[in-house]
Amino acid sequence: MSFDKKITRRTFLRAAAGSTLVSGLAAAALSCTAPKGQKTAADIRKIPTQCQGCGANRCGIYVYVKDGRPWKVEGNPGTYNNAGTVCPRGHAYIHDLYNPDRIKQPLKRTAEGKYEPISWEQAFTEISTQLNLIIMEDGPQSVFWIQYPMANIPLAFRFMHALGSPNTITHGATCFTARNAAFNATFGGLPDNDLKNSRYIVLIGRNPAGGVKLQQIKDIAYAKRHGARLVVLDPRHSETAVIAEEWLPVKPGTDLAFLLAMINVIIEEGLYDQKFVEEHTVGFDNLKDEIVTYPPEWAEKICDIPKETIYRVARDFASHKPRALIHRGYHGGYGSGYYNSFQTARAVAIANAIIGNYERVGGLFMPQKPTLGELEKGGHPAPQIPEIEKADGSGVPGRYPAASYSDGIAHAVPELALSGKFKAGFVYHMNPVRTNPNPTRVIAGYKKLQLLVTIDCVMSETAALSHYVLPEHFFLERDDHIDTVHSGPIGQLTMVQQAVKPLHNTKPLLDILTDLSKGLGIGKYFNFTMDELNTLRLQPFGVTLDELKKTGVIEVGQHWQEGFLKPCKTPSGKVEIYSGQLDSWGIDPLPRWQEPMVSPNPSDKNSFRLLHGKQAIHSHAMTANTPYLMQLSAHYNMIRMWINRQRAEALGLKDGDTVVVESDIGKGYVKVRLTGGLHPSAVWMPSGYGIFSKYLKTAYGNGINYNDFLNTYFDPVVGHVMCNEIIVRVAKV
Ligand SMILES: Nc1nc2c(c(=O)[nH]1)N[C@H]1C(S)=C(S)[C@@H](COP(=O)(O)OP(=O)(O)OC[C@H]3O[C@@H](n4cnc5c(=O)[nH]c(N)nc54)[C@H](O)[C@@H]3O)O[C@H]1N2
Ligand SMILES: Nc1nc2c(c(=O)[nH]1)N[C@H]1C(S)=C(S)[C@@H](COP(=O)(O)OP(=O)(O)OC[C@H]3O[C@@H](n4cnc5c(=O)[nH]c(N)nc54)[C@H](O)[C@@H]3O)O[C@H]1N2
Ligand SMILES: [Mo]
């Protein structure tokens, strides 16, 4: 059965949105492994926890446990991010508890590159001894910690700061840092989208039905039922474009031209919110002076969207104010894709601001983030934040001042290791060898380290390079730090809660850090249990840990209210259209047109820009080893690169043919899917495949990955990867 024929993108969308089809298939596939026999209410426990099937959304779920085994999953109706639903990955991922590829005890790399089991005691002793020596010789700043930005992150900060190193890093620079920095510069933080109440929604390189966020797709569906118009700008006819009133196949990397022209129309025709602009923004006049150079007549030649369409979208958008929004975006459009991504995200922020939708129903709003209680209150001293600049230059004047100090620049690690600045590193819940650009260089860098410790549940590509691999409890086996990720219009507390007994000789992160800290002379910073920590974290809210564990979600604080009630956390306290701070850092204070860094060669019929993106049934590089999900990939023929039909035919290609894809750094082979739903200048590759760790037997050898073709780039503003700045040659084999 071909993916094109039987499962359309429309049904995929429904699957992602309502978890019907694909998750139904996934659940059907899974039910064969669920324990057989009669289920009686008495032996089934329903445990609220957080899904970790992607790390990003951390959806509130109930895990039903029967005879000590997880049996099924349901969405927690109270959590904001998923509002009662679970996606296919959530249904399937719980079964990775029993995945035979899990690491069952600590491992040490031998001289031959094999892994031998060792005891936890040996692991802690050897790691702390080596680390002490490295710190003595090269200082604590030669140690880094890199991880997925998830609930446990304060523990890593604590550990690193106690050691005296500022070098904590997340995957941000490979995902979202251009967007975050731009919204910070404009609003002093990252606002959320009130999609549900919006009446005109523009998505620019955001595909919530593929890069799934269940609440967003549900809210879009709700808004559409109430008359909202949905406009999707995407070079690809994405799963979300399927339900849009309008799909605008923008030329990749040129959304900035479209946005500047939109702003031009809104200002030139006086369609902006004059009162809001006067009262709450700075620098409108500077923008007004410059924007005249960017009419739709100019933009259409750059972005391939006709001027009439730009005029119409700009007018419709403004006429629905304040209940109109351009989604804040995530990864695909301007999270970390292009040389111009930072300014594209600035233009998105400004286009929203001038129609006065900020802090308005149906527009953008600052989420109500609760501040958790302090460990100090329980007599647990906090380590000082080291007064040393971060080695990757994030937040450092003259280097990447606009980059977030806490996210850092992930793909700078290999350089810093090769140059000898980093000697030792910890990788937690992240797989940089597969998710960072240019694996050859990443491998060379990570291999150069004197000590590399990876904390994972399986032998990822990164684990398979490490000197020590420390297995963490699977999420169903542990409690994590209380999380505030579900906060939207109201603050929400949720957590990962243990649902089953640990199956193997593994440990949760806090225990690993506690034991390690003893040998490192920083034991006083890890003198609490997870229950004590979480109890203290809850103290300001007057709720108990038992209450949270019972319901899985607790709302705290006031509900968001419409209106500009608090100053922005920008230098002026207002929305900064013109940013003096950016100017002082030598960064364009207003968005101005910038070309993408590289472009396909128009006179070479084999030359394309390589784009990538999420499929609803896979997460990053981490679910390709989940057998049920890979079964779906195979069944629906999903491991194919999309190519524009006419361009493919000019290369003599038919659907399903194998092509060779080559960039200046990589080469690979993949099957193609011919489609009318892709801008002719690009090819598009699903991003969840190309696993090369031989330990991951289901995933290994299936498909290729965009990182194999991506050179090592650092955007000059925030240092992000510029992951869509890839030109490939595609040819039939
Ligand atoms: N299924 C699934 N869902 C996920 C995740 C996952 O791994 N799997 N991960 C979560 C995370 S961490 C993230 S960051 C989000 C990502 O969520 P998104 O950013 O929405 O997802 P992507 O698939 O990266 O990109 C979205 C779209 O951007 C388009 N695009 C590429 N270049 C351009 C361009 O120049 N202009 C425009 N307008 N569009 C462009 C792509 O064609 C793609 O359809 O998903 C989250 N949800
Ligand atoms: N190949 C590829 N690269 C990408 C992307 C992609 O889709 N594909 N997307 C980009 C984006 S948007 C993002 S956000 C980043 C994400 O990149 P990463 O942060 O590297 O995320 P994952 O690939 O999901 O890797 C997560 C790792 O955590 C491990 N893990 C899972 N559960 C647990 C647990 O409970 N405990 C521990 N200790 N480990 C666990 C998984 O086995 C896996 O090795 O990658 C970027 N780069
Ligand atoms: Mo991401």
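Which domains does the shell around ligand 1 draw at least three residues from? Two of them: domain 1, residues 181–367, and domain 2, residues 607–732. Keep in mind that this is a predicted model.

Let's stay with ligand 1. There are 35 residues around ligand 1. The nearest are Arg206, Asp234, Asp255, Gly332 and His618. Now the polar contacts. Arg206 has a side-chain N or O atom 2.7 Å from an oxygen atom of ligand 1. Asp255 puts a polar side-chain atom 2.6 Å from a nitrogen atom of the ligand. His331 comes in through its backbone: a polar atom there is 2.9 Å from an oxygen atom of ligand 1. And the cover? On its own, ligand 1 exposes 910 Å², and the protein buries 100% of that. By class, the shell has 14 nonpolar, 15 polar and six charged residues.

On to ligand 2. Here 27 residues surround the ligand. His171, Thr435, Asp456, Glu472 and Ser687 are the closest. The side chain of His171 has an N or O atom 2.7 Å from an oxygen atom of ligand 2. The side chain of Lys614 has an N or O atom 3.0 Å from a nitrogen atom of ligand 2. Ser687 uses its backbone, with a polar atom 2.8 Å from a nitrogen atom of ligand 2. The shell around ligand 2 splits into 11 nonpolar, 11 polar and five charged residues.

Strand E16 takes us to a sheet. This one is open, has seven strands and shows mixed pairing. The order reads E5-E4-E17-E16-E15-E6-E7. Strand E5, residues 115–117, and strand E7, residues 168–170, are at the edges. Each has a single partner strand, so one side of each is left without a neighbour in the sheet. Ignoring direction, neighbouring strands are turned by 20 degrees against each other on average. Look at the E7 end. Strand E6, residues 143–147, pairs with E7 in the parallel sense, over three bridges. One pair to find on screen: Trp145, whose bridge partner in E7 is Thr168.

The other sheet is open too, with three strands. Its order is E1-E2-E3, and the pairing is antiparallel. Why is one side of E1 and of E3 left without a neighbour in the sheet? Because strand E1, residues 44–50, and strand E3, residues 69–75, stand at the edges, and each has a single partner strand. From one strand to the next, the twist averages 30 degrees.

Now zoom in on E2 and E3. Strand E2 covers residues 60–66, and six bridges join E2 to E3 in the antiparallel sense. Val63 has Val73 as its bridge partner in E3. Further along, Lys66 stands opposite Arg69 in E3. The hairpin of these strands has two residues between them. One residue to check there is Asp67, which takes a positive phi near 50 degrees.

To recap the ligands. The protein buries 100% of the area that ligand 1 exposes alone.

Terms used. Residues are numbered from 1 along each chain as its sequence is written. Chains are lettered from A and ligands numbered from 1 in the order in which they are written. This is a predicted model: local features need pLDDT of at least 70, side-chain atom pairs count only at pLDDT 80 or more; totals for chains, interfaces and linings use all residues. Side-chain values use heavy atoms; hydrogens and water are left out. A residue is near a molecule or strand if one of its heavy atoms lies within 4 Å of it. A polar contact is a pair of N or O atoms within 3.5 Å; within protein, one must be able to donate a hydrogen and the other to accept it, and residues adjacent in sequence count only if both atoms are side-chain atoms. Ala, Val, Leu, Ile, Met, Phe, Trp, Tyr, Cys and Pro count as nonpolar, Asp, Glu, Lys and Arg as charged, and the others, Gly among them, as polar. Two strands pair if DSSP finds at least two bridges between them. Helices (H or I, at least four residues) and strands (E, at least two) are DSSP runs, numbered from the N terminus. Axes are lines fitted to C-alpha atoms, for helices over the stretch in contact, and angles run from 0 to 180 degrees between N-to-C directions. Accessible areas come from the Shrake-Rupley method with a 1.4 Å probe; for residues, only the protein chains shown count as cover. Domain bounds come from an automatic or database domain assignment.
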